[in-house]
Amino acid sequence: MLLSKRHILSILIGIELFLNGINLMFITFAKSYSSYVADILILFILVITACEVAIGLAIFILNQRINKTIDISNLESLKD
Amino acid sequence: MLDWLIIFFCFLAISSAVTTSMSSKIIRSTFFFGVTLFVIAFVFISIGSTLLGVVQILLYTGGTLVLFIFAIILTANWDYKNLGETFNKPIRAIVISFIFLGIMSYIVSTSPLMKELAENFTINYSNTSKDISKTLFEDWFVILEVASFLLLGTIVGCLTLLKYRKEIS
């Protein structure tokens, strides 16, 4: 989704899925060692993901207000 | 029985994630994304990380889905059809994602740091949640503080970004 879509929400959902995949990988690894370190790491990953979604959606809404589009190709004009 | 349940949830998570990626409509994609998050939470609960599963459902899934739905509602009058929300160059995307999966699996499974961490924090099944809380507030306290500052920074960042509304109007 990150590579193939142009809608900002689709890209954000792609990043979320990607981070959830990493969460699953961490917990699989840690459970094979009977460890709870993945639980802690995943809690921090969830914090980072929540921050990323909030900032991403703020940029999305800002882009929609300023450029009147939801296409990611026009994001560069927000710098002006 | 539990093993089959975990396999079933994993299969469900993969299929809903694929459906999320392949959906052409954003609202449908968001719905299946929510299903994926719920199923991953059930996977966490099934393999014994109850605290993580509950956090995933109550805070992460709830918060994220509400944010996405609000964003869709706020931009609902936009013509999504012009965007052509189909997969561009799907083979390239699939190949890159599998390469990334392989690299990440290799790094996580062979990293000495991860092995050391895993051996230092072994599970005591009677009070895992207590162990996690204790570890968070003792060994990982600095990182916890950094995470809290990150959340604070996010709030300030979002307010700063959306401040432009007044200037535009």
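## Close-up views of a predicted two-chain model

Figure 1. Of the 169 residues in chain B, 32% count as buried. Please keep in mind throughout that this is a predicted model. Chain B is built with eight helices and zero strands, and reading along its sequence gives the pattern α-α-α-α-α-α-α-α. Turning to contacts within chain B between residues at least 6 apart in sequence, 44% of them join residues at least 24 apart.

**Figure 2. Chain A, a pair of helices.** Here we turn to the partner chain. Chain A has two helices and zero strands. Its 80 residues include 64% that count as buried. For contacts in chain A between residues at least 6 apart in sequence, the share joining residues at least 24 apart is 38%.

**Figure 3. Where chain A meets chain B.** In this view, 54 residues of chain A are in contact with 75 residues of chain B. Together the two chains bury about 6100 Å² between them, and 78% of this lies on carbon and sulfur atoms. How many salt bridges are there between chain A and chain B? The count is zero. Polar contacts between the chains number four residue pairs, counting pairs with both residues at pLDDT 80 or more. On the side of chain A that touches chain B, helix 1 and helix 2 of chain A each supply at least two residues. Helix 2 of chain A provides the largest share of that side, with 24 residues.

**Figure 4. The largest nonpolar core draws on both chains.** This core has 55 residues, and those with the most contacts inside it are A:L9, A:F26, A:I42, A:L57, A:F60 and B:F68. From chain A, helix 1 (8-32) and helix 2 (37-67) are among the elements giving two or more residues to the core. From chain B, the elements that do so are helix 1 (2-22), helix 2 (26-46), helix 3 (50-74), helix 4 (90-110), helix 5 (112-120) and helix 6 (128-138). Which helix gives the most to this core? It is helix 2 of chain A, with 15 residues. As general background, nonpolar side chains in soluble globular proteins tend to be buried together.

**Figure 5. A:L9 and its neighbours in both chains.** Setting aside residues up to four places away in sequence, A:L9 touches A:L57 and A:F60 within chain A, as well as B:I26, B:F68, B:A71 and B:I72 in chain B. Of these partners, A:L57, A:F60 and B:F68 are, like A:L9 itself, listed among the residues with the most contacts inside the largest nonpolar core.

**Figure 6. A:A30, tucked into chain A.** A:A30 is found in helix 1 of chain A. Is A:A30 buried or exposed? A:A30 is buried, because its relative accessible area is 0%. Apart from neighbours within four places in sequence, A:A30 is in contact with A:S35, A:V37 and A:A38.

**Figure 7. B:T154, facing residues of chain A.** B:T154 lies in helix 7 (residues 141-162) of chain B. With 8% relative accessibility, B:T154 falls under the 20% cut-off and therefore counts as buried. Leaving out residues up to four places away in sequence, B:T154 touches A:C51, A:A54 and A:I55.

Definitions and conventions:
Residues are numbered from 1 along each chain as its sequence is written. Chains are lettered from A and ligands numbered from 1 in the order in which they are written. This is a predicted model: local features need pLDDT of at least 70, side-chain atom pairs count only at pLDDT 80 or more; totals for chains, interfaces and linings use all residues. Side-chain values use heavy atoms; hydrogens and water are left out. Helices (H or I, at least four residues) and strands (E, at least two) are DSSP runs, numbered from the N terminus. Buried means under 20% relative accessible area, exposed over 50%, partly exposed in between (1.4 Å probe, protein chains only). Contact means heavy atoms within 4.5 Å. A nonpolar core is a set of buried Ala, Val, Leu, Ile, Met, Phe, Trp, Tyr and Cys residues joined through side-chain atoms within 4.5 Å. Buried area is the accessible area (1.4 Å probe) that two parts lose on being put together, summed over both. A salt bridge is a side-chain nitrogen of Lys or Arg within 4 Å of a carboxyl oxygen of Asp or Glu. A polar contact is a pair of N or O atoms within 3.5 Å; within protein, one must be able to donate a hydrogen and the other to accept it, and residues adjacent in sequence count only if both atoms are side-chain atoms.
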